Amino acid sequence: MMVCEYKPGLEGIPAAQSSISYVDGQKGILEYRGIRIEELAEKSTFLETAYLLIWGKLPSKEELETFEHEVRYHRRIKYRIRDMMKCFPESGHPMDALQASAAALGLFYSLRDLHNPVYIRDSVVRLIATIPTMVAAFQLMRKGNDPVRPRDDLDYSANFLYMLDEREPDPLMARVFDICLILQVEHTMNASTFSARVTASTLTDPYAVVASAVGTLGGPLHGGANEEVIQMLEKIGSVENVRPYIEHCLETKSKIMGFGHRVYKVKDPRAIILQGLAEQLFEKFGHDKFYDIAQEMERVVEEKLGSKGIYPNIDFYSGLVYRKMGIPTDLFTPIFAIARVAGWLAHWKEQLAENRIFRPTQIYNGLHEVTYTPIDKR
């Protein structure tokens with residue numbers, strides 16, 4: 001029997017071959033289908049980037065217009081799903097509500113015609129279109145309000161922000177939000193993407209694939225980290241408290257949220273872009289004192305841990321951007337999911353092309369030849 005080397009968390013072990021995205025953690029490079037993230041953030045839109053990831057090429061003008069029209073047409077959700085969401089507890093986390101709602105979509109679209117391109121496209125469009133609507137709907141319903149209907153005259157990001165409070169967003173805010181979605185849409189074989197591919201390999205429906213990935217993203221070591229960054233900044237409270245806080249974390253070996261990455265050993269290129277977006281929002285809508293705390297944290301952490309490759313990751317500045325938009329902290333991760341759905345679907349589609357069910361092995365470290373003890377002698 002072959003003996004394999006055990007790697008906790010499968011660190012460094014390839015789980016798939018993929019042409020969707022590429023990361024060079026030493027140089028701080030992130031590419032989607034070969035295009036640098038900086039260029040996409042400057043020139044593209046979220047839906048165009050989603051099309052690029054899922055279908056492997058930039059769309060023509062006609063293809064993009066058709067895709068955008070299809071997404072607009074499918075933004076509304078079934079009234080039974082809306083009624084189901086009204087029964088969710090108000091204290092429930094929006095990620096749990098989203099996972100349940102995404103899974104429920106599969107009840108209404110249960111056909112698993114995985115060899116039919118029309119079914120594939122319809123599923124992609126429906127999930128990208130309805131996930132933002134469900135996030136916004138739960139946000140309002142947990143306050144006792146009816147959800148806001150989508151507006152067909154607004155683009156993808158502006159419409160989501162509108163559905164949160166029924167106010168048309170400032171154009172800068174809508175564009176910044178759209179760029180945030182581009183930055184969060186895909187990042188190679190992360191935990192939720194791996195979860196999506198494992199689920200996809202069983203040939204279940206894409207709604208189950210997305211629901212399983214949403215559940216994985218919700219953990220504080222993955223998508224939930226940006227919520228904890230804001231909580232950390234609130235706890236620190238002032239610039240003067242930064243150095244003592246960092247030193248205490250180092251002494252107690254506590255995790256400093258928003259810093260460090262399994263792949264990047266330099267500052268996350270997405271964090272660099274997000275920092276610039278935050279400054280644009282502060283310039284137009286007013287400063288946030290938490291940004292001063294964040295900048296001081298970055299300086300101190302670089303001084304203490306820069307030699308070990310510990311720098312800000314995407315979670316460190318994304319929460320500050322969403323906070324300035326007035327978005328509740330516990331919606332940060334569901335927004336991450338809104339973006340990442342397109343990445344998960346790209347991997348779902350790629351997995352189907354050359355599918356083999358995931359069945360890793362294990363290294364057994366338990367007992368052998370144990371004698372059963374009758375219950376009256378235990």
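Where does Arg112 lie? Arg112 sits in the loop between helix H5 (94-108) and H6; helices here are DSSP runs of H or I with at least four residues, numbered from the N terminus. This is a predicted model, in which local features need pLDDT of at least 70, side-chain atom pairs count only at pLDDT 80 or more, and totals for chains, interfaces and linings use all residues. Residues are numbered from 1 along each chain as its sequence is written, and side-chain values use heavy atoms, with hydrogens and water left out.

Let's see what Arg112 meets. Setting aside residues up to four places away in sequence, Arg112 is in contact (heavy atoms within 4.5 Å) with Tyr119, Leu203, Thr204 and Asp205. Asp205 is 93 residues from Arg112 along the chain, yet their C-alpha atoms are separated by 5.7 Å.

## The nonpolar core

The largest nonpolar core has 121 residues, and Ile128, Phe160, Met297 and Ile327 have the most contacts inside it. Such a core is a set of buried Ala, Val, Leu, Ile, Met, Phe, Trp, Tyr and Cys residues joined through side-chain atoms within 4.5 Å, where buried means under 20% relative accessible area with a 1.4 Å probe, protein chains only. Helix H6 (residues 117-141) gives the largest share of this core, 15 residues.

Beyond its neighbours within four places in sequence, Ile327 touches Leu161, Leu164, Phe177, Tyr322, Phe332 and Ile335.

## Where H15 meets H16

Asp315, Gly319, Tyr322 and Arg323 in H15 meet Phe332, Ile335 and Phe336 in H16. The residues of this contact divide into 4 nonpolar, 1 polar and 2 charged.

Conventions: Buried means under 20% relative accessible area, exposed over 50%, partly exposed in between (1.4 Å probe, protein chains only). Helices (H or I, at least four residues) and strands (E, at least two) are DSSP runs, numbered from the N terminus. Ala, Val, Leu, Ile, Met, Phe, Trp, Tyr, Cys and Pro count as nonpolar, Asp, Glu, Lys and Arg as charged, and the others, Gly among them, as polar.
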